[in-house]
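Please read the numbered points with the sequence and the model in view.

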Amino acid sequence: MQKLSQRYIAGPELKDAREVVRRVNADGKAATIDVLGEEITTEEEAAAIVRAYQDVFADIERCGLDSGVSVKLTGLGLNLGYDLCRDNLRTVVEDAASRGNFVRIDMEDSSTTDDTLRLYRELRAEGHDNIGIVLQAMLRRTQSDIAELAELKPSVRLCKGIYVEPADIAYQDYEAVRAAFVRALEALFDAGCYVGIATHDEWLVSQGRRLVAERGLERDDYEFQMLLGIRPELGDELVAEGHRLRIYVPFGRHWYAYSMRRLQENPKIAGYIASDTVGRLLGRNGA
Ligand SMILES: Cc1cc2nc3c(=O)[nH]c(=O)nc-3n(C[C@H](O)[C@H](O)[C@H](O)COP(=O)(O)OP(=O)(O)OC[C@H]3O[C@@H](n4cnc5c(N)ncnc54)[C@H](O)[C@@H]3O)c2cc1C
């Protein structure tokens, strides 16, 4: 697990994220920094996550990094109370605004979808425009969520959805999720939304390229997004073609839940780790 975390997580400290974002920026890619904190159980821990984000904004500004942030509402205390979470989110969003930065609210499992969209609407109604949401193509509700949110022209990261969800609310079939992703992407572009096309699926990346070209969208109208450590060569291709690409850079000590999710999602990772370890033992990877 330690090895896994090294590949997908910048490290335990802010300075680790800073170094990774510097490298990502040097490769012509933007970043979004995620403070890992989803296992919090007290208000104090949620407050510590808020302060960690404030440190991140200050660091981004001081070092001139091209990076926003991604937050998880459970990390800001959603399971402890809706109002507490809204106050924490507002603090983060206001701090970001004061430094010209942007906050993406990650989407967690389906038990949080309603609260997440409601909090987003409330902050937008208060006049905060430096926030965006995530929609999950696998959820059957997503198409109607897009229709309901369209008037707000939200900035949306579209992804397949990482959580295991029951069949009555989520497509289970791989091709059905892909098809739902394309439908959602079309609907978001129809609504004039800025979309972060978040996928490492080559077929979906091609569909993204196709839709962007067919609609004559400019570089500033959309971006591709990928997770740190996954399919970097596909990301390089997109950058070389002139697309914007943003890399999701998690850091922090709460790496266990994040790593477990990556592992559950893609058991092949266990195979990569095993073969890499064997490779090291055999000296294949050098010193
Ligand atoms: C920037 C970003 C932000 C995200 N934010 C959220 C969020 O807020 N909420 C949410 O539910 N989900 C989020 N996700 C996860 C997303 O929902 C998918 O679970 C994940 O991206 C895998 O789907 P895929 O589209 O890459 O397609 P897949 O078909 O799963 O992957 C395509 C190929 O990419 C490679 N690959 C994919 N994942 C891995 C991996 N973990 N390790 C190694 N190789 C891999 C494999 O080669 C695979 O064949 C995010 C994803 C990205 C890229």
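The points below go from the whole chain to its barrel and then to its helices.

1. Basis. The model is predicted, so local features need pLDDT of at least 70 and side-chain atom pairs count only at pLDDT 80 or more, while totals for chains, interfaces and linings use all residues. Residues are numbered from 1 along each chain as its sequence is written, and side-chain values use heavy atoms, with hydrogens and water left out.

2. Overall content. The protein chain has eleven helices and eight strands; these are DSSP runs numbered from the N terminus, helices being H or I of at least four residues and strands E of at least two. Of its 287 residues, 51% count as buried, that is, under 20% relative accessible area with a 1.4 Å probe, protein chains only. Among contacts (heavy atoms within 4.5 Å) between residues at least 6 apart in sequence, 72% join residues at least 24 apart.

3. The barrel. Eight strands close into a barrel in the order β1-β2-β3-β4-β5-β6-β7-β8, with parallel pairing; two strands pair if DSSP finds at least two bridges between them. From one strand to the next, the twist averages 30 degrees. Angles run from 0 to 180 degrees between N-to-C directions, and axes are lines fitted to C-alpha atoms, for helices over the stretch in contact.

4. Strands β7 and β8. Strand β7 (residues 222–227) runs parallel to strand β8 (residues 245–251), and four bridges join them. Gln-225 stands opposite Arg-246 in β8. Helix α2 (residues 14–26) packs on the sheet, where it touches β1 (30–35), β2 (67–71) and β8; the direction of α2 makes about 165 degrees with that of β1.

5. Strands β4 and β5. Four bridges also link strand β4 (residues 131–136) to β5, again in parallel, and Leu-135 has Leu-158 in β5 as its bridge partner. In a regular strand, side chains alternate between the two faces of the sheet. Strand β5 (residues 156–159) is covered on both faces: Val-156 and Leu-158 on one side, and Arg-157 and Cys-159 on the other, are all buried.

6. Helices α5 and α6. Helix α5 (residues 113–125) packs against helix α6 (residues 142–149) at an angle of about 15 degrees, their axes lying 13 Å apart. The two helices are therefore roughly parallel, a term for angles under 35 degrees. Thr-113, Leu-117, Tyr-120 and Arg-121 in α5 meet Asp-145, Glu-148 and Leu-149 in α6.

How values were computed. Angles under 35 degrees count as roughly parallel, over 145 as roughly antiparallel, 65 to 115 as roughly perpendicular and the rest as oblique. Buried means under 20% relative accessible area, exposed over 50%, partly exposed in between (1.4 Å probe, protein chains only).
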